[in-house]
Amino acid sequence: MSDHHHDHDHHHDNRYTDMQARVKALETVLTEKGLIDPTAIDAIVETYETRVGPRNGALVVARAWADPDFADWLKRDATAAIASLGFTGRQGEHMRAVFNTPDTHNLIVCTLCSCYPWAVLGLPPVWYKAPAYRSRAVIDPRGVIAEFGLELPEDKKIRIWDSTAELRYIVIPERPDGTEAMSEDELADLVSRDAMIGTAIAATPRVAA
Ligand code: FE
């Protein structure tokens with residue numbers, strides 16, 4: 001095994017992996033002591049990560065794309081507009097929707113801890129809570145976004161929104177071309193969790209055969 005202790009230039013990707021490894025190790029210890037059932041944990045996480053959580057936000061985005069009046073309301077009072085769809089925070093935190101435009105891309109972070117819009121996005125991803133993301137999202141947002149596979153044009157501005165316990169953000173991505181005939185449900189399928197954090201954009205619809 002080679003010695004890399006002289007190398008302080010770790011990539012943050014490795015740190016994410018370290019953190020995931022530590023979570024896995026903790027889960028293993030708790031499982032071995034009979035304290036948790038990993039299948040149950042996986043099911044709960046799966047529910048919040050891929051069903052209950054981000055789907056709520058995706059439906060908010062789809063409604064905003066489909067209904068200009070709703071989009072206006074969302075801009076003025078996101079808390080009320082989102083609550084009208086039945087999604088409310090547990091602690092009465094306020095929501096603000098930030099809209100991507102051709103000129104500006106928005107990115108959400110919590111530099112202090114891990115404040116996150118649970119009511120619309122469910123559980124935060126591991127990387128959202130990682131110190132590397134929290135610091136680098138502010139220092140080098142374009143580089144961080146690129147590491148997620150999204151190359152933004154150099155002339156596109158990036159606005160960073162620092163979440164707090166009182167005010168949390170959701171990014172409303174731009175509506176992709178070729179989606180004019182789609183239902184709100186179909187539109188919501190194009191909106192990933194990461195697109196509502198700002199580390200991705202909305203997916204392009206599959207071209208009909
Ligand atoms: Fe926080």
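A salt bridge here is a side-chain nitrogen of Lys or Arg within 4 Å of a carboxyl oxygen of Asp or Glu. Under that rule, the side chains of Glu174 and Lys156 meet in a salt bridge, at 3.3 Å from N to O. Glu174 is in the loop between β4 (167-172) and α9, and Lys156 is in the loop between α8 (141-147) and β3 (157-162), 18 residues apart. Helices (H or I, at least four residues) and strands (E, at least two) are DSSP runs, numbered from the N terminus.

Some notes on the source. This is a predicted model, where local features need pLDDT of at least 70, side-chain atom pairs count only at pLDDT 80 or more, and totals for chains, interfaces and linings use all residues. Residues are numbered from 1 along each chain as its sequence is written, and side-chain values use heavy atoms, with hydrogens and water left out.

On accessibility, buried means under 20% relative accessible area, exposed over 50%, and partly exposed in between (1.4 Å probe, protein chains only). Lys156, at 12%, therefore counts as buried, while Glu174 is partly exposed at 33%.

The whole structure has seven salt bridges. In one of them, Arg55 pairs with Asp189, with the closest N and O atoms 2.6 Å apart. Arg55 sits in helix α2 (residues 38-66) and Asp189 in the loop between α9 (184-188) and α10 (193-197), 134 residues apart. Arg55 is partly exposed at 27%; Asp189 is exposed at 56%. Asp185 joins Arg55 and Asp189 in a network of salt bridges.
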